[in-house]
Amino acid sequence: MMTLVLILLCALGFLLVIAGLRLIGLVAAVSGGILGWCLGGVIHGTLIPEWSPAICATVASVACAALAALFIRPAVAVGFGAAGTIIGALIGGILVERGIAPTAPNADADVSPTSQLDSTPAQAVRAARSGFSESMQTILGQTQGGSTPTETLARLAGAGSRIGAVAKSRWDLVPAPTRTFLLASTAAGAIIGFGVGVVFARWALAGASSALGTLLLLACGIPLMEKHAPTIPLPKSTAAWILVGAALTLAGWAFQMRRVQRESEPPRVQ
């Protein structure tokens with residue numbers, strides 16, 4: 001049964017890569033549902049802790065999916081804004097670590113015992129980043145330990161609040177001036193991403209569908225290849241998979257936009 005589900009998701013991913021503009025409503029609804037499910041755990045931990053994580057995640061997922069399907073272009077613009085937020089935060093962190101951004105000593109070094117080890121913003125960012133991905137993998141791994149599907153979904157829904165708590169504890173390690181710089185770079189990335197999604201709406205729609213299709217292809221295709229074609233060597237490094245995903249996304253995006261341009265051209269007079 002699981003193999004059939006993976007095959008269907010791979011087929012859906014392939015369709016999104018080559019013809020995502022025709023399925024953009026589905027793209028927006030699925031993306032909104034995933035975003036809502038992730039936000040559900042955060043909502044449970046901060047706003048309504050008396051609700052169960054599964055209920056919060058389900059309500060947020062359905063609401064975001066419906067809004068995304070009704071307002072497709074704004075939803076895609078918001079998605080590009082979210083991508084810009086991540087890129088802006090990464091670029092800001094790299095600039096701080098390389099010493100290009102403000103590198104004044106931490107003014108709170110005498111107050112916080114943890115900051116005595118992180119007297120510069122570069123050291124603080126490295127300390128905050130160290131082990132973060134391992135913590136995320138641990139939290140996501142805990143969601144698979146449920147004895148029933150309902151318990152597994154409940155644990156998955158609560159992963160958002162746990163990830164938020166870990167992120168907040170790491171954020172507290174960074175000195176205040178550096179936080180301001182990182183917030184500014186993150187906000188700049190969000191504004192640029194949102195602007196790209198608004199100004200270049202059709203191009204953004206094609207890019208979003210191609211990216212989602214690539215994610216489905218890689219996430220579902222790799223387990224299938226490992227199970228049914230173990231002799232085919234697969235790359236092990238994360239950088240290699242990022243390059244593969246970027247290449248597939250660009251290829252699908254170019255293919256879709258070429259078809260759009262061809263359909264918009266007036267017929268030639270013989």
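I count as a nonpolar core a set of buried Ala, Val, Leu, Ile, Met, Phe, Trp, Tyr and Cys residues joined through side-chain atoms within 4.5 Å. Buried means under 20% relative accessible area, exposed over 50%, and partly exposed in between (1.4 Å probe, protein chains only). The model is predicted: local features need pLDDT of at least 70, side-chain atom pairs count only at pLDDT 80 or more, and totals for chains, interfaces and linings use all residues. Residues are numbered from 1 along each chain as its sequence is written, and side-chain values use heavy atoms, with hydrogens and water left out.

**Core.** I looked up the largest nonpolar core and found 12 residues. They are Leu-16, Leu-21, Ile-24, Val-27, Val-76, Ala-204, Leu-205, Ala-206, Leu-212, Leu-216, Met-257 and Val-260. Helices here are DSSP runs (H or I, at least four residues), numbered from the N terminus. H9 gives the largest share, five residues. I then checked Leu-205 for contacts, meaning heavy atoms within 4.5 Å. Beyond its neighbours within four places in sequence, Leu-205 touches Leu-21, Ile-24, Ile-72, Arg-73 and Val-76. A second, separate core has five residues, among them Val-96, Ala-128, Val-174 and Leu-182.

**Helix H3.** For the 18 residues of H3 (residues 53-70) that gives 26 Å, and the end C-alpha atoms are 26 Å apart, which agrees. Buried in H3 are Cys-56, Ala-57, Ala-60, Ser-61, Ala-65 and Ala-68. These cover an arc of only 150 degrees around the axis, so they sit on the same side of H3. The arc is that of the directions from the helix axis to the C-beta atoms. On the face turned away from the buried side I find the exposed residues Val-62, Leu-67 and Leu-70.

**Ala-69.** This residue also lies in H3. Ala-69 is partly exposed, at 36% relative accessible area. Leaving aside neighbours within four places in sequence, Ala-69 contacts Ala-28 and Ala-29. Its C-alpha is 9.5 Å from that of Ser-31, 38 residues apart along the chain.

**Cysteines.** I searched for disulfides, pairs of cysteine sulfur atoms within 2.5 Å. The count is zero. Cys-10 is buried at 14%, and Cys-56 is buried at 3%.

Note on methods:
Helices (H or I, at least four residues) and strands (E, at least two) are DSSP runs, numbered from the N terminus. The expected span of a helix is 1.5 Å times one less than its number of residues.
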